[in-house]
Amino acid sequence: MSYLELQNVSKHFGRLAALDQLDLKVEKGEILGIVGPNGSGKTTLINLISGYFKPTKGQVFFENKRICCQRPDQITKKGIVRTFQSNVLFPGGTVVENLLISSHLNYNTRSWHSFFNTKKWKEDNEQAVGRAIELVNLLDLLNDIFLQADGLSHGYQRLLGIAMALTANPHVLLLDEPTTGMNHEEAMFVVDKIKKINEQGVTIILIEHNMKVLLGVATRVACLSFGTKIADGMPEDVMNHPEVVEAYLGTEVV
Amino acid sequence: MMQFFKTIHLMDYKNIVPKLVIGLVVAAIVLLPVVTKDVVILSMLIFSGLWAVAAMGFTLVLRTGQFSLGQSAFMAIGGYTCAILTVQMDFPFWPSFLLSGIISGLVAFLLGVVVLRVGGIYFSIITLALGEIVRIIALNWESVTRGSRGLVTSSPLPISIFGWELANFDASPVPYFYFMLCLVAITGVVFWRIGDSRLGQIFAGVALNPELAEHQGIHLMKYRIIAFTIAGVFTGYAGALYTHFLTVITPMVFGLWQSIQAMIMSIVGGISSLVGGPIIGGVLLYGLGDRLSRLQTPGLSQMVFGATVVLVLICLPKGTGLVELWDKFWKKVVWREVEYEHDEMED
Amino acid sequence: MPPAGIWIDGLAQSCTYMTMAFGMVLVFSILGILNWAHGQFYMLGSILLYYAITAAGIPFPAGLLLAGLGMALLGIIVKVVIIDRVEGELYVGAATLALIFFFEGLASLLFGMQDRGLSMVLPGVLEMGGLSVSYQKVAVIVFTLVVMVVMYYVLHFTRMGKAIRAVSQNPDAASLYGISVERLSLVVMGIGCALAAMAGGIMAPVYPVNPFIGRAPMIMALLAIVIGGLGSLSGAIVGGLILGFLHSVIAYYLSYLAEVVLFVLVIIILLVKPQGLFGASIK
């Protein structure tokens with residue numbers, strides 16, 4: 001069995017099938033791109049894997065264990081972390097505060113240590129702050145970590161969202177359209193960071209509307225249309241796949 | 001040495017002076033019984049202190065993003081537990097008092113497990129209804145609560161050390177006053193530490209963006225329940241002490257109004273501070289209500305109270321309570337500082 | 001099986017809860033806030049009607065309309081003067097909660113704390129095959145039916161009503177109808193408060209009137225909203241219906257425990273169906 005595997009997964013909202021009997025395999029260490037027109041079920045897929053929705057039918061396996069029907073925080077603890085498309089940060093906090101709140105899984109001491117401000121807690125906190133700064137550097141996220149997070153530009157907010165996901169020490173990172181609303185240059189900047197993260201051994205599932213972004217980064221691409229998978233393979237092959245071209249016809253022909 | 005004073009003079013005096021003033025006010029309150037043993041003043045302070053504890057409980061729950069309208073229900077549960085144990089079952093005061101908070105916390109925990117899963121307005125509605133339910137049970141469970149006649153409690157036995165009487169609860173309100181100060185101080189310290197610690201940080205995450213927090217591995221329910229339970233425990237203690245100071249508990253003592261009052265104290269006092277805001281709100285609003293209820297005109301006091309609160313809410317800018325006025329007072333009135341906020345605008 | 005009178009009582013109760021819950025959900029769906037002082041509009045409606053009949057000698061139906069109009073105006077004033085001026089959902093909630101104090105205080109000041117009755121209105125009993133129902137309760141039931149039909153018509157067949165339904169689903173949709181959300185929220189606040197006031201007025205002959213009669217219907221209407229699911233208008237109606245019937249039927253067997261049983265029941269429903277029976281999930 002693969003590293004992360006979806007078997008025959010369906011998700012219905014009333015009569016509408018957002019995902020219909022989908023099978024998907026993800027191998028360790030790859031960057032899997034998921035493309036598809038709007039409403040093809042890409043984000044539903046992420047919501048299912050991360051536990052935000054429960055599948056109507058089917059199973060999700062991670063490292064040979066069933067993970068569906070668990071709460072999002074339990075799935076995060078197993079090492080599958082996601083980002084959101086919008087709504088990416090804790091409003092009202094600074095960059096470092098955002099990173100520290102989301103570093104929940106990085107703290108080893110229990111709450112009462114911090115209540116009494118013990119030495120162990122101070123060390124632990126320093127470590128978490130160190131890790132946060134490390135991530136800020138990894139993603140070139142601006143040097144000033146004391147800026148108000150919701151005052152950052154759109155692109156930096158998205159990057160901060162990725163940094164926050166990384167604080168949970170993911171084995172698999174689910175990125176939900178990290179480059180929407182960016183120009184090509186900015187998108188390439190983010191793609192570059194995604195490659196960097198992947199080099200550290202993190203498996204990445206990258207949802208993307210724009211196929212051009214995926215070309216340089218994905219090792220494999222799957223295309224969804226109306227909740228079903230219509231193509232799966234090397235990026236170039238998927239792009240020239242007749243069904244994919246048809247699905248994209250009129251929107252963004254490659 | 002010279003250098004040391006210079007640094008203090010330049011850097012910190014703006015920080016230290018307000019704190020010194022707060023310290024002096026606290027010291028004055030602690031030493032107040034030396035100056036006056038006036039029952040009216042002391043009991044006003046005792047009641048407002050206990051309401052401040054209830055308001056702190058509200059603020060703590062609000063820190064996790066939930067709007068609890070059941071603070072007086074927990075005061076009633078604490079009060080009735082203590083009264084039933086001492087009056088109906090002849091328990092000594094101190095163990096009963098200890099139990100009252102625990103029982104109240106237990107109810108909060110059980111209710112929280114069920115209701116906090118949904119949260120939001122549903123939570124507010126259910127906690128509001130809980131207050132009415134507690135009142136109805138207290139009114140009708142005659143064999144235990146004696147219905148509308150209520151339970152008349154006796155004061156705790158005098159505390160004496162080596163034959164020297166340290167505190168006689170029957171003789172004057174002073175021991176109650178210090179008892180209240182201890183409760184407020186303990187609650188204040190616990191809540192301050194919670195707000196400052198990792199727990200406070202997690203609460204902020206849970207309140208500000210629950211979805212994101214959950215996907216970062218934070219178990220929302222766990223932290224909401226922790227906050228609600230802790231608030232329940234301390235509010236229960238406040239209720240028990242309230243009952244014993246009042247010497248009677250009837251179903252009318254804690255009701256819908258009182259819940260709303262605790263909430264309003266917290267919000268008007270300022271929710272940015274877990275301890276200061278509720279205390280300021282509790283003292284000022286209880287004082288106001290107490291003054292107004294002396295007017296002897298039915299309804300006038302509630303009307304003026306409600307109008308005052310609405311006016312305060314309209315006049316204070318968003319997200320601030322009276323506690324923020326303290327900082328503003330020092331910055332604008334005392335130091336006459338110029339606003340520096342233009343820098344941010346240019347970004 | 002409880003006697004038929006209990007069921008009729010239940011129906012009359014349901015009518016109040018339905019009208020109250022309906023108005024609250026209507027206001028919530030447009031303004032996005034719960035008007036916690038809704039029960040006080042019910043109470044003020046009763047009192048206004050009381051004065052209209054006893055002091056001014058206005059006939060009952062006209063007095064009912066007058067109470068509705070008066071409270072609609074008051075609701076709009078509250079919306080403009082308080083709700084619009086206070087920023088932040090939390091603070092608006094606190095302000096409407098403080099209004100409970102204000103209105104109850106005002107009523108006690110002007111009306112007095114004692115119970116007063118309007119039982120002389122609509123005297124007599126309707127005999128229906130061995131079943132006798134007082135005209136007062138018949139009036140409650142007929143009135144609620146009329147209100148529901150009118151509201152259904154307004155919401156489905158008028159431009160304003162269609163806009164209201166559209167906005168409650170998607171706040172941006174109002175512009176499609178060329179109606180500003182601002183005007184719509186004023187109208188809705190007026191309708192909601194008028195409904196509460198008229199519910200209070202129609203119940204005034206059945207129960208005694210005093211400044212505190214608004215609390216119980218408000219709490220029950222809130223529980224009805226929990227049952228029906230916040231944001232669902234049909235849910236509010238069904239929730240009110242269920243609660244009213246259960247209330248009188250359980251009270252028949254268990255007297256005062258009825259409220260406690262209902263509370264537990266609502267919590268169980270919340271456990272099983274967290275978004276209410278009608279599942280209109282507004283997150």
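Chain A holds 10 helices and 10 strands. The model is a predicted one.

User: What makes the radius of gyration of chain A agree with that of a compact globule?

Analyst: A compact globule with 254 residues would have a radius of gyration near 18 Å, and chain A has 19 Å, so the two agree. Along the principal axes, the C-alpha atoms of chain A fill a box of roughly 60 × 40 × 35 Å.

User: How many of the residues of chain A count as buried?

Analyst: Of its 254 residues, 43% count as buried. A residue is given that name if 20 or more other C-beta atoms lie within 10 Å of its own.

User: Which share of the contacts in chain A joins residues at least 24 apart?

Analyst: The share is 65%, taken among contacts between residues at least 6 apart in sequence.

User: Why is strand E3 of chain A called mostly covered?

Analyst: The strand spans residues 31-35, and five of its five residues are buried. Each therefore meets the cut-off of 20 or more other C-beta atoms within 10 Å.

User: Which residues of E3(A) point one way, and which the other?

Analyst: Ile31(A), Gly33(A) and Val35(A) point one way, while Leu32(A) and Ile34(A) point the other way; all are buried. In a regular strand, side chains alternate between the two faces of the sheet.

User: How do you know that E3(A) pairs with strand E8 of chain A?

Analyst: Pairing requires at least two bridges, and four bridges join E3(A) to E8(A), residues 203-207, so the two strands pair. They run parallel. Within E8(A), Ile207(A) is the bridge partner of Ile34(A).

User: What is the sense of the pairing between E3(A) and strand E9 of chain A?

Analyst: E3(A) and E9(A), residues 220-225, pair in the parallel sense over four bridges. Arg220(A) in E9(A) is the bridge partner of Leu32(A).

User: How many residues of chain B are in contact with chain A?

Analyst: 20 residues of chain B are in contact with 24 residues of chain A. On the chain B side, the largest share, seven residues, comes from H9(B). That side divides into seven nonpolar, eight polar and five charged residues.

User: What makes up the side of chain C that touches chain B?

Analyst: 38 residues of chain C are in contact with 37 residues of chain B. H4(C) supplies the largest share of the chain C side, 17 residues. By class, that side divides into 29 nonpolar, four polar and five charged residues.

Methods:
Residues are numbered from 1 along each chain as its sequence is written. Chains are lettered from A and ligands numbered from 1 in the order in which they are written. This is a predicted model: local features need pLDDT of at least 70, side-chain atom pairs count only at pLDDT 80 or more; totals for chains, interfaces and linings use all residues. Two residues are in contact if their C-beta atoms, placed from the backbone, lie within 7 Å. Ala, Val, Leu, Ile, Met, Phe, Trp, Tyr, Cys and Pro count as nonpolar, Asp, Glu, Lys and Arg as charged, and the others, Gly among them, as polar. The radius of gyration is taken over C-alpha atoms; the globule rule is 2.2 Å times the number of residues to the power 0.38. A residue is buried if 20 or more other C-beta atoms lie within 10 Å of its own, exposed if 12 or fewer, and partly exposed in between; C-beta atoms are placed from the backbone.
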